[in-house]
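Please go through the structure below with this report at hand. The headings follow the topics in turn.

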Amino acid sequence: MVNESFDLVNYGGTYYFYIFELANFSALAFFLLILYKLDFINVNSLIVWFALFFSPFIFNYFLFSPYLYGDQFMYAREVMSLKSTGEAVTNIGYFGRTDSESAVTLSARMLGLIPLPNFMTVTSLAFANKLILFITFLWFKRFFKNENEVLLYFLIPSLVLYSSIGLRDTLIIVISIIFIINLIRGRVLLPILLLYPLITLKIQMFAVLSLYLLGHLIFQAHRSRYFFSFFIFIFIIGGLIFEDPILSIINLYRVAFAAENFVASDGFAGYQSFALYGDADSVRLNSIAEVIYEAILNLPILLLIPMPWNWSNIFYPIQSIESCLLIYFYLKLSYENKMHKNNEFILLTFILIVGLSIYALIMANEGTFVRYRFTLFYPFFLGLFYIARQSPSGHSKF
């Protein structure tokens, strides 16, 4: 059901939105109970996912204003427009680019396909995200004997947070997980198809996963150290040959993010202020060597943000600690399962480092890139978990 006269409003500090969203929560809870009765999930999953389905009530309007992640309203408005009129909001989410469907519109189309009782508020999109994540959990856990162990990997705080708000991060994470697991399993058709929505939803993730697919499909870099070495050699040569277009793309994003995060001395901020007072040349890189140096320099910063002196809300210290723990567990899983001998792991980790390095090069606003970092890191983390459980030792507990 959609309110055909839908108008996005701030509920003025009240909790009237609960009335509309209780129907969505009840539907998800009922679905959960059915799966439990049919033995698709165990009692621990029942309890945990009941809490996770309830979590959208905890974040927006309760723990923080939904305007902390203000883009939710853009996605919600688009979902309501598509479902009530069949038409997209004019130029929504294009930010000056009108050559294809925007990421906002595509995300809204995908979220709008989720069978919920109603779409009334930004929290409705959060419930859609929760159902998408839960279905991914059901799919992912069938590769493992220990359901409780898999459940732990879906309790990471950032995952709980980002799936509890109405943004597209959950869609990107889920598509990336399915891509990586299927590619590791040697199934390339579905990953190829999944690149299509990613090119719109997240061009950076499209580039990283395309490189992973290329290493898998063309160079067979996951099969032996020799093939992997050849892949690295071609990767470096390709970077040198296509230096100019690579620099052009990197500099475009560096300038764009710097402008988005720019604040002038007179207090004005954003692109127009950057055009007047900013120095685009100061953020541009001029060679591949400079790109590599800048990536090495900024990668540790990306992995550690948000820094303590920039903590401005309760989530920042949690996310900072979480990042350190995720890196620790990635290394722990690798060491315990002797992953240095596993060619698939070597390729997976190389692609992850390349992806993180790309974000390190264009990093500006900490809050934005904490999200970007997690959206990239988490699917690869699950990929490592999958590889570890297939290894002879199989020691991959948190």
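This is a predicted model: local features need pLDDT of at least 70, side-chain atom pairs count only at pLDDT 80 or more; totals for chains, interfaces and linings use all residues.

## Nonpolar surface patch

Helix α12, residues 225–241, gives the most to the patch. Its share is eight residues.

With a relative accessible area of 47%, I236 is partly exposed.

R223 sits in the loop between α11 (203–217) and α12. Its relative accessibility is 55%, so R223 counts as exposed. Along the chain, R223 and L347 are 124 residues apart. Their C-alpha atoms are separated by 9.5 Å.

## Overall make-up

The protein has 18 helices and zero strands. It counts 398 residues, and 54% of them are buried. The accessible surface comes to about 18,900 Å². Carbon and sulfur atoms hold 65% of that surface.

How much of the contact set comes from residues 24 or more positions apart? Among contacts with a separation of 6 or more, the share is 73%.

## Salt bridges

Side chains of opposite charge can pair when their charged atoms come close. The structure holds four salt bridges.

R389 forms a salt bridge with E149. The closest N and O atoms are 3.6 Å apart. R389 lies in helix α18 (residues 366–390) and E149 in helix α7 (residues 147–152), so this pair ties together parts 240 residues apart in sequence. Are the two partners buried or exposed, in whole or in part? R389 is partly exposed, with a relative accessible area of 29%. E149 is buried, at 5%. The two fall in separate classes because buried means under 20%.

D169 and R371 also meet in a salt bridge, at 3.0 Å from N to O. This pair links distant parts of the chain. D169 is in helix α9 (residues 169–184), while R371 is in helix α18. The two are 202 residues apart. D169 and R371 are both buried. Helix α18 thus carries R389 as well as R371.

## Nonpolar core

The largest nonpolar core has 123 residues. Which residues have the most contacts inside it? They are W49, F140, F154 and Y378. Helix α18 supplies the largest share of this core, 14 residues.

F140 shows what such contacts look like. Setting aside its neighbours within four places in sequence, F140 is in contact with V150, F154, I181, L382 and F385. F154, one of these partners, is also among the core residues with the most contacts.

## Aromatic pairs

A pair of aromatic rings is described by the distance of the centres and the angle of the planes. A search of the whole structure finds 45 aromatic pairs. In one of them, the rings of W49 and F137 have centres 5.5 Å apart. Their planes stand at 45°, so the pair is tilted. W49 belongs to helix α2 (residues 43–54) and F137 to helix α6 (residues 122–141). The pair links distant parts of the chain, 88 residues apart. Both W49 and F137 are buried.

Y253 and F257 form a stacked pair. The centres are 6.4 Å apart, with 25° between the planes. The pair counts as stacked because planes under 30 degrees apart fall in that class. Both residues lie in helix α13 (residues 243–260). They are four residues apart, about one turn of the helix. Y253 has 26% relative accessibility, so Y253 counts as partly exposed. F257 is buried, with a relative accessible area of 10%.

Note on methods. Residues are numbered from 1 along each chain as its sequence is written. Side-chain values use heavy atoms; hydrogens and water are left out. Buried means under 20% relative accessible area, exposed over 50%, partly exposed in between (1.4 Å probe, protein chains only). A salt bridge is a side-chain nitrogen of Lys or Arg within 4 Å of a carboxyl oxygen of Asp or Glu. Contact means heavy atoms within 4.5 Å. Accessible areas come from the Shrake-Rupley method with a 1.4 Å probe; for residues, only the protein chains shown count as cover. A nonpolar core is a set of buried Ala, Val, Leu, Ile, Met, Phe, Trp, Tyr and Cys residues joined through side-chain atoms within 4.5 Å. Rings of Phe, Tyr and Trp (its six-membered ring) pair if their centres lie within 6.5 Å; planes under 30 degrees apart count as stacked, over 60 as edge-to-face and the rest as tilted.
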